[in-house]
Amino acid sequence: MTMKTELRSPVSQRPHIIPSVKDRKGIGAEVAIELNGEKLHVQMGKTILEVCRENNVHIPTLCYHEDLCIAGNCRMCVVEVEGMRTLQAACAFPITGPVKIKTFSNKVRKARKHILDLMLSEHYGECYSCVRNNNCELQSLAKEYGVDGYEFGHVCESRFEVDRSSYAVVRDMDKCILCRRCVRTCIDLQEVGVLEAIDRGYDARIGTFMDKPLADVICINCGQCINRCPTGALHANDPSDEIWKAIEDPSKHVVIQTAPSPRAAIGEEFGLPPGRSMTGQLNTAIRRIGFDRVFDTNFSADLTIMEEGTELLNRLRKAIVEKDESVSLPQFTSCSPGWVKFIEHFYPEHLSYLSTAKSPQQMFGAVIKTFYANEQGIDPKDIVTVAVMPCSAKKFECNRPEMNSSGYKDVDYGLTTRELAKMIREAGLVLPDLPKSNFDEPFGEASGAGLIFGATGGVMEAALRTVYELVTGRPVPFEGLNINPCRGMEGIKEASVKLENCTDQFSFLEGVELKFLVAHGTANAKTVMEMFNRGELAGYHFIEIMGCPGGCIGGGGQPIPTSEEIRKLRAKAIYEEEASLPVRKSHENPRIKYIYEKFLSDGPCGKLSHKLLHTHYVKRGKFIT
Amino acid sequence: MNTAFEKQDRTGPVLFRTYEKGSGLKKALSMERNDILDELRESKLKGRGGAGFPTSTKWMIVAAASDSKKYVICNADEGEPGTFKDRVLLTEYPELVFEGMVIAGYTIGADEGIVYLRGEYFYMLSFLEKFLEDMRSNGLLGKNILGKDGFNFDISIRLGSGAYVCGEETALIESLEGYRGEPRNRPPFPVNTGFMGHPTIVNNVETLASVPHLIMNGGAWFCEMGTDKSTGSKLFSVSGDCDSPGVYELPWGTTIKELLKIVGAENAKAVQVGGASGICFGKKDFSRSLAYEDAATGGSIMIFNESRNMLHVLKSFMEFFVEESCGQCTPCRIGNVKLLEGVEMIERGEFTFEYIEKLKDLGRTMQVASKCGLGQTSPNPFISILENFKDEIFNPREVNEAV
Amino acid sequence: MFVHEKNAVSDFIGDLTRKYGRQRSSLLPILQEIQHKYNYVSDFAQQEVARNLDIHPVEVYSVISFYAFLYDKPRGRNIVRFCKTIVCELAGARAVAEAVKRELGIGFGETTKDGKITLEYANCIGMCDKSPAMLVNERVYSGLDPEQACKIIREIK
């Protein structure tokens, strides 16, 4: 498999990799250094920062981020290396000899203090009125270095207008410290290329193409930049005020759905370590806040599997039985709104390969404003649907004009994990201390298949469990239903499963080896699409793509900070919770059976579900007007 | 009035000696590569751009690298205020520069040379292109140069687009690669990971131009001039308040006083050595010698007489740095603005000595914590002018007219 | 911009891409040629360059904004760059600058109404031994006094 090896960033911003010495006894494999007077043996080629972290020596950083390549431009991490006239950036300095390093000499501390003072002199705004108050890297460094005043003055007026044009991301460049993490995120990690450094010198700033508002450029709203911003310069567009209003309005019936990923991560907002699932406590908190109903997005995830799986089987039938060559295969998943906008912009010619199924969020909205409204006897115009998502792109998705098949906006507000945590704090609740409670009926039960949607590979795993069983009548041939090739943090994963002894209805699939591919993060998505363009994906049937690294658990609405370690822990929490659930296949969810009996009676991909649960896409292209 | 090409009669110990076109290259190609490196090492030639890194070390590292592709880059992004020696070399002695590049290519095993010419020197482009064409037709460039089997080398010229910081070698490489001219982290150095990731030597125009003479006359001859640590001669771009501004070739170790006498500026009050990023010396320091170990310089000498307002000079320099900083690292991006603000405060008379001291302290942090040479040297004029001319600036006996 | 103009720009950039190659290192030479021909790099041209080199438009914009000699807004057909560095100033550049401003009726950073001349400051252009100096497009003029400078300006006006 051709993997993405070449980064697009300037060479300067790539880590300097010294080939590892194979023979560890050989000269140069290890080198003796001195770190603050302590003698150590370290591997050549590691940076000073890596060595310090391994040895529990704290080095302050701002532009450094584990997910990104090295920049070395904030200069916070400078250390003294004996024999060198200037201080060296610990993050960028590879150890290649027996160096002596001092990490907190007077010279170093003074330099760091000066750098902080300079940043603060240009940092407009006050901490108490900032979304990142108490979770700001600049603020914590100011505390660490005892900043007690503005040594070099302070900007007294705003230099930039806050860009609120986007449904998802708000840019407040007055708070930007030009660490350029967002640039590296957008260009390298996600390959979207919205943000870059513009101008030079004192005028240097982070900007978009021709300084256009974010809504007018090719932003996919993934929000990965928000997750990596050390300050409050980037944050999500928060709708909580309007939600509070709706909650207090007695004429409104406010319904909330919670996605699996926020539940696995929201504990972090309340000081818990990553990887604690808070599903039950969250339900209680939401009820206490005053929402009328709390539903589980996993239910509509199951619904998505039914629709998307049936769609795949229909496409396969057309291709194999009817020999229809115009059928678009492989089928790409469409749950991730970041990915959907990515393909709309960058590969609009391939939109027919995208499943037409709406994402679980939108399906749920449509079902609530039709089936649920009818069953409960509530006028859908009085229903306000809120979706708690790990995602900033969901805010854009729910505002897509075509998402109104019920006659009303399917979902009224997309709320991120961080914003829900804020609402919980505002309500005076301490989430970890709350008792657990269940979801509300009539969608009170969901399968584990819906739950694992949160991690990369989850949709594929869930779909396979259902598709395989529909086709063969037997469960997938993986131990404990755990389709391990789908799991893990590798950028692009692939696997296959052979369909044998098919039921009569699906006899045309007899002997077919179902090949699938899983990718997460749009940089990997780009690689997949380039493979597709080169014809390397012929013979593949189903491809899952999630816009964010790690899948939804690493979404742009999740608690800050993020790192691969954190994302792994969140995924682990999801898989653990899933393994303990009684129902683990979407088609076995009794509520799903019920809705297809009572409401969507012409079955998956039938006429009604096509109207309510499927959508169409827009050929956006790359041109910025 | 296109005066850049006026050929002047120049004399000097090394670069301005008479030179027969092609002779240095011919001799070099008859030598073993290691012998060339030995001559270089013996000559103790150091980089003429200002930083003074031993040229032989640079060449040796690249010569020893096993990469199949290597580059020779000539840094002709002469942007330091008050520097114009490269202009003279390129317009009057291009054979020295280009032959120096070919010799470098031969020595390190490169087949491609690039001249990064600053955008302001666009007017030289057609002249230089023509010169290269002539070299090609005379067999001094191209395939099997001067009949040397298997030695191919060609030179292309790339233009800058108006960015001082691109004179920093890694920024120059970034610019050549099509990026913003922002300096890279060092290490890795260009000799290991340079243009397109290949080992690259980046040498100043003057360094390369010295090479043919050095080959002709040997490293020992070169060492006879200058001081122990600064061998050979240096081109000084002299400008400002003097009778005869221009480019002078003088041996290293010449004192400021001697130089002032030569150029007719004996009534000078201040001399800025090394361009805007250099140090400003007052009369008490005129006995200091121009050499790497004393008053180091890339060649820019700006002279100011008694009538000049040094605070105004300083302000001009700081404005220059605020504009030309690449804006990448914090100390340089914001630090220079703070220093400029400090100068303006003094100008208005609204300052405290405490704050000025604080700014000098900030300047010292910039000198050690900035990412590249620009931010590391931009506080030099701030600190040196406020130190050396504090009487005049903080205790003016009479009101000086601005400039 | 009319369709035929756009097509002309696209063709020109296509030719440049063939001349310099599709790699990123071709970006500056391509932009310099566009700047030379059109006096600026329009947002359409920037996107065309991005498409040809397979980079993001914002990267092209970022590079243009970095370099002083590349523009994203239309400039005059002739660009006068006046050296403002201290040595030229010592030699009387201010008086020359004032004269040039009067002659053109515009300030620095501005373009004449007919779009013929843009007046700008530049940092040291390497003519300190013959200061004051200025660049008019790609030509250099040195040893200026107000009268000479105005004469040069009149020739391109």
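# A tour of chains A, B and C

Begin in chain B, where nine residues of domain 1 are in contact with eight residues of domain 3 of chain B, two residues being in contact if their C-beta atoms, placed from the backbone, lie within 7 Å. This is a predicted model, in which local features need pLDDT of at least 70 and side-chain atom pairs count only at pLDDT 80 or more, while totals for chains, interfaces and linings use all residues. Residues are numbered from 1 along each chain as its sequence is written, and chains are lettered from A and ligands numbered from 1 in the order in which they are written.

**Chain B: domains**

To colour this chain by domain, select 7-219 for domain 1, 233-305 for domain 2 and 310-394 for domain 3, bounds that come from an automatic or database domain assignment. The side of domain 1 of chain B that touches domain 3 of chain B has six nonpolar, one polar and two charged residues; here Ala, Val, Leu, Ile, Met, Phe, Trp, Tyr, Cys and Pro count as nonpolar, Asp, Glu, Lys and Arg as charged, and the others, Gly among them, as polar. The C-alpha centres of domain 1 and domain 3 of chain B lie 34 Å apart.

**Chain B: a helix pair**

Next select residues 85-92 and 205-217 of chain B, which are helix 4 and helix 8, packed at an angle of about 45° with their axes 9 Å apart. Helices (H or I, at least four residues) and strands (E, at least two) are DSSP runs, numbered from the N terminus, and axes are lines fitted to C-alpha atoms, for helices over the stretch in contact, with angles running from 0 to 180 degrees between N-to-C directions. That angle makes helix 4 of chain B oblique to helix 8 of chain B, because angles under 35 degrees count as roughly parallel, over 145 as roughly antiparallel, 65 to 115 as roughly perpendicular and the rest as oblique. Show the side chains of Lys85(B), Asp86(B), Leu89(B) and Leu90(B) on helix 4 of chain B, and of Val205(B), Glu206(B) and Ala209(B) on helix 8 of chain B, to see the residues that make the contact; they divide into four nonpolar, no polar and three charged.

**From chain B to chain C**

Now display chains B and C together: 43 residues of chain B are in contact with 35 residues of chain C. On the chain B side, strand 3 (154-159), helix 7 (169-176), strand 5 (233-240) and helix 11 (310-324) each supply at least two residues, and helix 11 of chain B gives the most, with five.

In chain C itself, select 3-66 for domain 1 and 78-156 for domain 2, whose C-alpha centres lie 29 Å apart. Chain C has seven helices and four strands, and its C-alpha trace spans about 50 × 30 × 25 Å along its principal axes.

**Last stop: Val57(A)**

Move to chain A and centre on Val57(A), in the loop between helix 1 (48-54) and strand 3 (78-81) of chain A. Is Val57(A) buried, exposed or partly exposed? With 18 C-beta neighbours inside 10 Å, Val57(A) counts as partly exposed, since a residue is buried if 20 or more other C-beta atoms, placed from the backbone, lie within 10 Å of its own, exposed if 12 or fewer, and partly exposed in between. Leaving aside neighbours within four places in sequence, Val57(A) is in contact with Leu35(A), Asn36(A), Cys52(A) and Thr103(A). Finally, draw a distance to Glu500(A), 443 residues away along the chain, whose C-alpha atom is separated from that of Val57(A) by 58 Å.
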